[in-house]
Amino acid sequence: GRNGAENGVVTINDSTDDVVVMVAAIIYPDSDYYYAFVSLDGAIDFAQGKNGVVTLIRNLTVAEPVTIEDDQTVVLDLNGYTITAGESGYAIENYGELTIIDSKGNGEINGIVYGEGDSAKTIIEGGTYNALENGSYVFLNSQAASLTINGATINGGASYPIYSYDAYSKLVINDATVNAT
């Protein structure tokens with residue numbers, strides 16, 4: 001598509017008539033073109049091998065965690081919006097390569113960002129990450145997964161807002177504000 005996507009409303013040919021609510025768009029650098037999607041998982045699947053950034057265009061509550069498969073590489077731009085986990089408490093499960101940025105600021109993830117397996121590599125480049133309830137983790141890393149935080153605010157409810165729980169997992173924190181209760 002072409003035209004515009006802002007605040008969850010996609011404008012096509014200067015009209016919003018009969019437009020389905022979109023939650024994410026793949027936006028290509030230095031271009032006016034994008035593809036809009038009704039699900040974040042659909043945008044992630046489509047983005048594979050296309051060098052686009054999956055960009056939120058509205059706040060989103062996920063009933064099931066957004067899943068990055070072990071053969072997927074994703075750049076997710078919170079774009080000032082929020083992803084909130086459903087009942088499971090997990091917002092994102094990463095088994096592949098995931099970079100999360102927040103180009104507009106004030107973007108948040110409410111729930112656990114989980115990385116598992118030796119192909120799981122998570123890089124955090126901005127945003128605010130919140131535990132859903134007192135006692136839950138914000139980042140959970142296991143089975144040789146890698147987590148690098150290069151800028152984030154982390155609000156955890158437990159004494160372990162960031163938990164990397166096996167000897168082979170990798171955790172690097174270069175810049176973060178961590179608040180635990």
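View 1. Asp45 lies in helix H1, which covers residues 40-47; the structure is a predicted model. Together with Asp41, Glu69, Asp70 and Asp71, Asp45 belongs to a patch of negative charge on the surface. The relative accessibility of Asp45 is 47%. Asp45 therefore counts as partly exposed, because that class lies between the limits of 20% and 50%.

View 2. Is Leu40 buried or partly exposed? Its relative accessibility is 4%, so Leu40 counts as buried. From C-alpha to C-alpha, Leu40 and Ala24 are separated by 5.8 Å in space, and in sequence they are 16 residues apart.

View 3. Strand E3 consists of residues 24-27 and pairs with strand E4, residues 34-37, in the antiparallel sense. Four bridges make up the pairing of E3 with E4. Within it, Ile27 has Tyr34 of E4 as its bridge partner. E3 also pairs with strand E5, residues 53-56, again antiparallel and over four bridges. Here Ile26 is opposite Val54 of E5.

**View 4. The turn of the E3-E4 hairpin.** The two strands E3 and E4 form a hairpin, and six residues lie between them. Which residue in this turn has a positive phi? The residue is Asp30, with a phi of about 55°.

View 5. Asn79 sits in the loop that runs between E8 and strand E9, residues 82-85. Its phi is positive, at about 55°, although Asn79 is not a glycine. With 12% relative accessibility, Asn79 counts as buried.

View 6. Strand E11 spans residues 97-101, and its side chains alternate between two faces. Leu98 and Ile100 point to one face and are buried. Strand E8, residues 73-77, runs parallel to E11 and is joined to it by five bridges. In this pairing, Val75 has Thr99 of E11 as its bridge partner. E11 is also joined by five bridges to strand E14, residues 121-125, and these two strands run parallel. Ile101 is opposite Glu125 in E14.

View 7. Although Ala144 is not a glycine, its phi is positive, at about 70°. Ala144 has 17% relative accessibility and so counts as buried, since the limit for that class is under 20%.

**View 8. Leu132 and Gly157, apart in sequence.** Leu132 is placed in the loop between strand E15, residues 128-130, and E16. How many residues apart in sequence are Leu132 and Gly157? They are 25 residues apart, with a C-alpha to C-alpha distance of 7.9 Å. Leu132 counts as partly exposed, at 38% relative accessibility.

View 9. One face of E18 is covered and holds Ile154 and Gly156. The uncovered face of E18 holds Thr153 and Asn155. E15 and E18 run parallel and are joined by three bridges. Across this pairing, Asn130 is opposite Asn155 in E18. Strand E21, residues 177-180, also runs parallel to E18, and four bridges join these two strands. Thr153 is opposite Thr177 in E21.

**View 10. Tyr160 and a nonpolar surface patch.** Tyr160 is located in the loop between strand E18, residues 153-156, and strand E19, residues 162-164. Which residues make the nonpolar surface patch of about 300 Å²? The patch is made by Tyr160, Tyr163 and Tyr165. Tyr160 has a relative accessible area of 46%, so it is partly exposed.

Conventions
Residues numbered from 1 in each chain as written. Predicted model: local features only at pLDDT ≥ 70, side-chain atom pairs only at ≥ 80, totals over all residues. Heavy atoms only, no water. Patch = residues over 30% accessible without salt bridge, like charges linked within 9 Å, V, L, I, M, F, W, Y side chains within 5 Å. Areas by Shrake-Rupley, 256 points an atom, 1.4 Å probe, with all protein chains shown as cover. Salt bridge = Lys/Arg side-chain N within 4 Å of Asp/Glu carboxyl O. Lys, Arg positive; Asp, Glu negative; His and termini not counted. Charge placed at Lys NZ, Arg CZ, Asp CG, Glu CD. Buried < 20%, exposed > 50% of the residue type's maximum accessible area, 1.4 Å probe, protein only. Pairing = 2+ DSSP bridges.
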